[in-house]
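Hello,

Here is the structure we talked about handing over. My notes on its side-chain contacts follow below it.

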Amino acid sequence: MWGLKRRKSLVDRVHRKYDEGRRYRAYHDFCRAALERPLPDGQDALGERGFEHVPVFGAEMAASLLKELARFEVASVKKNKPELEGFQIDDRSFRDRLLEAALPPAVDARAARYFGSEYLVHWFAVTRTEPGGGTNSFLWHCDRGPTRHLKLLLYLNDESEHGGNTEFLDREATERIGRRGYVYASSEDRVADLRPLAVRAGVAFRPVHEPMGAGDGILFQPALTLHRGIRPTLGPRTVLTLCLLPSPVPWQEALRRGAMSDLRADEKWHRDAGEVLDLLGLGPLPETR
């Protein structure tokens, strides 16, 4: 691994690159100022802890969606990452139903409270992971990107069928380990066991994962919360993943205006967050002093 000082400076550089350099912080400020509805009541447990498990829909709907997915081809869902396979959804009507099902009031309230604004679906994917398969997402990491974005992992089949899961360390533990520079470790530096580093950081190592039934979801802060997938062992695991960003308009309107990216063809992040406003027909993003 790199020396501690160099790795710690990497954490700071990643945050500045996206929040300041690519103007995601200024874009978020714009979205908060554009909010027209009252924010839902309740505590922002997601913001404080970094992750929150939430039932999204029942097992019956999960089974129905899983059955419909069988008609789509399985292939790589992300450019330059052929090992990440999933369903190639080319039916816009089914796509819209899938997103509507994934964002019920319980998820909407949590996302709006966290962002303090509306939000949009930046991208989505339905991945299928066979036992023994997968990527380095099964090692501890934080995702590079703007600090204020969310992911929703929605399990479409029961943990008892595949044996997989996702586990997390909370925000406080992540920040303390982050002082040692690990959180944005390169692929070759990622580890399956963070306990030794946690001990050196003076952190009690208490990963959290809850049993995931079909239709259960996990909403979390990928850039600020250490997490890793638990590889399936019994059968294929199917997960719907949504990446959420702040938005000046509700997600349905942002989708209608074409603001969603396709990971099969597009880069993961915009070169400048003002591109989102251009796609929404609301640009340019005002310059900040």
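**Aromatic pairs**

Seven aromatic pairs are present in the structure, which is a predicted model. A pair of aromatic rings is described by the distance of the centres and the angle of the planes.

For Tyr18 and Trp269, the ring centres are 6.4 Å apart and the planes stand at 65°, so this pair is edge-to-face. Tyr18 belongs to helix α1 (residues 4–21), while Trp269 sits in the loop between α10 (251–256) and α11 (274–280), so the contact ties together parts that are 251 residues apart in sequence. Tyr18 counts as buried at 7% relative accessibility, and Trp269 is buried as well, with a relative accessible area of 8%. Together with Tyr24, Tyr18 and Trp269 form one aromatic cluster.

Phe51 and Phe168 make a stacked pair, because their ring centres are 4.9 Å apart and their planes are at 15°. Phe51 is in strand β1 (residues 51–55) and Phe168 in strand β6 (residues 165–168), so here too distant parts of the chain are linked, 117 residues apart. Phe51 and Phe168 are both buried.

**Charges over rings**

Arg148 lies over the face of Tyr114, at 4.1 Å from the ring centre. Arg71 is placed over the face of Phe94, with 5.6 Å to the ring centre.

**Salt bridges**

The count of salt bridges comes to 20. Among them is the one between the side chains of Arg37 and Glu118, at 2.9 Å from N to O. Arg37 is in the loop between α2 (24–34) and α3 (45–49) and Glu118 in strand β4 (residues 118–129), so this bridge ties together parts that are 81 residues apart in sequence. Arg37 is partly exposed, with a relative accessible area of 26%, whereas Glu118 is buried at 10%.

Another salt bridge joins Glu52 and Arg110, with 3.1 Å from N to O. It links strand β1, which holds Glu52, to helix α6 (residues 105–115), which holds Arg110; the two residues are 58 residues apart. Both Glu52 and Arg110 are buried.

Arg97 and Glu68 also form a salt bridge, the closest N and O atoms being 2.7 Å apart. Arg97 is in helix α5 (residues 92–102) and Glu68 in helix α4 (residues 59–69), 29 residues apart. Arg97 counts as partly exposed at 39% relative accessibility, and Glu68 is partly exposed with a relative accessible area of 22%.

Finally, Asp19, Glu20 and Arg25 are linked in a network of salt bridges.

Regards

Conventions. Residues numbered from 1 in each chain as written. Predicted model: local features only at pLDDT ≥ 70, side-chain atom pairs only at ≥ 80, totals over all residues. Heavy atoms only, no water. Phe/Tyr/Trp six-rings, centres within 6.5 Å; stacked < 30°, edge-to-face > 60°. Helix = DSSP H or I, 4+ residues; strand = E, 2+ residues; numbered from the N terminus. Buried < 20%, exposed > 50% of the residue type's maximum accessible area, 1.4 Å probe, protein only. Lys NZ or Arg CZ within 6 Å of the ring centre and 35° of its normal. Salt bridge = Lys/Arg side-chain N within 4 Å of Asp/Glu carboxyl O.
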